[in-house]
Amino acid sequence: EVIKEVVVEKEVIKVVEAAVTYPVPGSQLNIAVKDVGPAVYHRPNATYPYYPYLSLLGLGETLIDTADDGMTLIPKVASSWVFGDDGITFSIEREIPWHDSSYGTVSAEDVEFTFVENAREGTRVPNGGYYNMDFQPMEIKDAHTVFWPWKAGVTVRWPWAAVDDVPGAPIMSKKYYADVGEEHVNAHPILTGPYKMVEHV
């Protein structure tokens, strides 16, 4: 028998998990759902269940939103709101960019345009009806302030209009609509939020 001394070298590898912020800058999110529906993204033209897609997919933002608890109201496009006996005053968050930055940022005119469009004759979404149930025509106070006058006094269902219940009423760009027309807006929405639609197939 020959006894040999064997030397075993050990290597220790230390793995450190790097912090990642999502979405990763420059990344693309591909979503497949059971029923995509037609490319009709101008909300007054879309039928249920397609008109909620803008908000549900993160392609548009409402004035306010609900927190994860399903009850607490939180700011979104509106940075704050104040109740009065005569109505609600919404302050619009400044410098919220559109998905196409050449159209500038969200203004009080865009908020008014969104609710007028959603309530126009022949609209297929409930938001306009919710607003019209409880409020008189909206008043623009300045570039970042709108006032909603009560129609018949204070009501606890006012968030139905501001959030539009589940579907959401994403704020739309008035200038973009005026520049490209409704047919183009139907297929190519320019809104706000974490995601921008690149292609609809």
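Let's start in helix 5, where Lys 175 and Asp 179 both sit, four residues apart, about one turn of the helix. Helices here are DSSP runs of H or I with at least four residues, strands are E runs of at least two, and both are numbered from the N terminus. The side chains of Lys 175 and Asp 179 meet in a salt bridge, 3.1 Å from N to O; the term means a side-chain nitrogen of Lys or Arg within 4 Å of a carboxyl oxygen of Asp or Glu. Lys 175 is partly exposed, with a relative accessible area of 47%, and Asp 179 is also partly exposed, at 46%. For the cut-offs, buried is under 20% relative accessible area, exposed is over 50%, and partly exposed is in between, with a 1.4 Å probe and protein chains only.

A quick word on what you are looking at. This is a predicted model, where local features need pLDDT of at least 70 and side-chain atom pairs count only at pLDDT 80 or more, while totals for chains, interfaces and linings use all residues. Residues are numbered from 1 along each chain as its sequence is written, and side-chain values use heavy atoms, with hydrogens and water left out.

Back to the charges. Side chains of opposite charge can pair when their charged atoms come close. How many salt bridges are there by this rule? The count is six. One of them joins Glu 182 and Arg 120, at 2.8 Å from N to O. That pair links distant parts of the chain, 62 residues apart: Glu 182 is in helix 6 (residues 182-187), and Arg 120 is in the loop between helix 2 and helix 3. Glu 182 is partly exposed at 23%, and Arg 120 is partly exposed at 23%.

Next, Asp 134 bridges to Arg 157, with the closest N and O atoms 2.8 Å apart. Here too, distant parts of the chain are linked: Asp 134 lies in helix 3 and Arg 157 in the loop between strand 6 and helix 4, 23 residues apart. Is Asp 134 buried or exposed? Asp 134 is buried, with a relative accessible area of 7%, whereas Arg 157 is partly exposed at 31%.

Now look at His 42, in the segment before helix 1 (53-56). His 42 is buried, at 1% relative accessible area. Its contacts (heavy atoms within 4.5 Å) include Glu 117, Arg 120 and Glu 182, not counting residues up to four places away in sequence. Met 172, Tyr 177, Val 185 and Asn 186 are also among the residues His 42 touches.

On to the nonpolar core, a set of buried Ala, Val, Leu, Ile, Met, Phe, Trp, Tyr and Cys residues joined through side-chain atoms within 4.5 Å. The largest one has 37 residues, and Leu 63, Phe 90 and Trp 148 have the most contacts inside it. Among the elements supplying at least two residues each are strand 4 (87-92), helix 3 (127-134) and strand 6 (145-149). Which helix gives the most to this core? Helix 2 does, with four residues. Beyond its neighbours within four places in sequence, Phe 90 is in contact with residues including Leu 63, Trp 81, Trp 148 and Trp 158. There is also a second, separate core of five residues, which includes Tyr 50, Tyr 51, Tyr 53 and Val 125.
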